[in-house]
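Opening the notebook on a new model today.

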Amino acid sequence: MGFGSRSMGLSERGSRRKTARGILWAAVLLICGGGGLAGPARGEVYQFIDAAGVVHFSNVPTDPRFRQVRSPAAVIPLRPQEIHETILSASRQYRVDPALVKAVIKVESDFDPQAVSNAGAMGLMQLMPATASTLDVQNPFNPSENISGGVKLLSYLLGRFNGDLTLALAAYHAGEKTVNRYGQVPPIEKTHRYIQKVLAAYKTYRGKEASQKSIYKVFSPNGQIIYTNVPEQYQDTRRFRVGYVQSP
């Protein structure tokens with residue numbers, strides 16, 4: 001999303017456990033300018049460490065010291081169904097409604113694993129570099145790592161704000177410290193718009209889930225995998241209920 005303050009979302013909670021590397025990354029300065037919300041774009045992320053040991057990130061390198069961090073193109077993309085299953089798995093692990101996770105991803109990156117915002121936020125759930133480090137996300141362009149880290153952060157924020165979804169989303173967008181400072185949704189127009197968009201998408205995804213039937217994963221004797229809502233017609237195979245199946 002582009003708000004650098006959000007990168008410190010778990011800093012207080014994990015401060016005692018930070019390694020020297022984590023502390024260094026927490027000192028990130030985003031020098032690509034603006035700092036406001038910008039639509040994600042495909043691109044590369046670059047970094048350099050200055051004489052003071054501060055790590056600088058940008059997707060528009062303007063200094064010869066910048067070196068590419070990771071290439072999104074190097075990551076094998078997941079199919080929509082694989083992304084869906086990754087969301088379900090992370091949602092179960094961190095006890096977050098998968099419809100909410102999908103809503104956040106929709107607004108953050110429109111389900112683009114290679115998305116990079118102008119402020120350097122990366123991947124499906126648009127994790128800032130320092131946030132990714134705090135969440136132990138080694139490769140933000142790996143969909144499984146990114147989604148797991150993003151859902152973990154979302155779960156933490158929901159707990160931090162006692163289940164108040166509006167405040168949790170405000171913190172996800174503008175930063176936990178910013179919400180703490182105001183004691184409410186901060187007076188940032190982009191944050192208010194962000195919350196409205198996520199809540200609207202959340203309502204849509206919850207409606208889709210309510211209308212879905214249970215889908216079963218069927219393993220046929222020849223190794224073929226079939227998804228069906230009428231497993232009774234596959235009496236000679238092994239069947240496992242996997243919930244509904246839909247594209248993000």
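Which residue just after helix 6 takes a positive phi? I looked it up: Asn162, with a phi of about 55°.

**Ground rules.** This is a predicted model, where local features need pLDDT of at least 70 and side-chain atom pairs count only at pLDDT 80 or more, while totals for chains, interfaces and linings use all residues. Residues are numbered from 1 along each chain as its sequence is written, and side-chain values use heavy atoms, with hydrogens and water left out.

**Overview.** I find nine helices and nine strands in the protein. Helices here are DSSP runs of H or I with at least four residues, strands are runs of E with at least two, and both are numbered from the N terminus. The protein has 248 residues, and 48% of them count as buried. For the record, buried means under 20% relative accessible area, exposed means over 50%, and partly exposed is in between (1.4 Å probe, protein chains only). I also checked contacts (heavy atoms within 4.5 Å). Of those between residues at least 6 apart in sequence, 56% join residues at least 24 apart.

**Helix 6.** Helix 6 covers residues 143-160, and its 18 residues should span 26 Å at 1.5 Å a residue; the end C-alpha atoms are 25 Å apart, which agrees. The expected span is 1.5 Å times one less than the number of residues. At the start of the helix, a side-chain oxygen of Asn142 gets to within 3.0 Å of the backbone nitrogen of Ser144. That falls under my polar contact rule: a pair of N or O atoms within 3.5 Å, where within protein one must be able to donate a hydrogen and the other to accept it, and residues adjacent in sequence count only if both atoms are side-chain atoms. I then listed buried residues of helix 6, which include Pro143, Asn146, Ile147, Gly149, Gly150 and Val151. Further along, Leu153, Leu154, Tyr156, Leu157 and Leu158 are buried too. A reminder to myself: an α-helix has 3.6 residues a turn, so residues three or four places apart point the same way.

**Helix 7.** How many of its ten residues are buried? I get nine, so I noted the helix as mostly covered. The buried ones are Leu165, Leu167, Ala168, Leu169, Ala170, Ala171, Tyr172, His173 and Ala174. At the start of helix 7, a side-chain oxygen of Asp164 comes to within 3.1 Å of the backbone nitrogen of Thr166. After the helix comes Gly175, with a positive phi near 110°.

**Helix 6 against helix 7.** The axes of helix 6 and helix 7 (residues 165-174) come within 8 Å and cross at roughly 130°. That makes helix 6 oblique to helix 7. Axes are lines fitted to C-alpha atoms, for helices over the stretch in contact, with angles from 0 to 180 degrees between N-to-C directions. Under 35 degrees counts as roughly parallel, over 145 as roughly antiparallel, 65 to 115 as roughly perpendicular, and the rest as oblique. I have the crossing down as right-handed, that is, the near helix is turned clockwise from the far one by less than a right angle, with anticlockwise being left-handed. Gly150, Leu153, Leu154, Leu157 and Leu158 of helix 6 meet Leu165, Ala168, Leu169, Ala171 and Tyr172 of helix 7.

**Helix 4 against helix 6.** Here the axes come within 11 Å and cross at roughly 115°. Helix 4 and helix 6 are therefore roughly perpendicular to each other. The contact uses Leu100, Val101, Val104 and Ile105 of helix 4 and Ile147, Val151, Leu154 and Leu158 of helix 6.

**Helix 3 against helix 4.** Helix 3 (residues 80-94) and helix 4 (residues 98-109) have axes within 9 Å, crossing at roughly 125°. His84, Ile87, Leu88 and Ser91 of helix 3 touch Pro98, Val101, Lys102 and Ile105 of helix 4. I zoomed in on Leu88, which is buried with a relative accessible area of 15%. From Leu88 to Val101 I read 13 residues in sequence and 9.0 Å in space, C-alpha to C-alpha.

Buried or exposed, what is Arg95? Arg95 is exposed, with a relative accessible area of 81%. Arg95 sits in the loop between helix 3 and helix 4, and its phi is positive, near 55°. Gln126 has a positive phi of about 50° although it is not a glycine, and at 1% relative accessibility Gln126 counts as buried.
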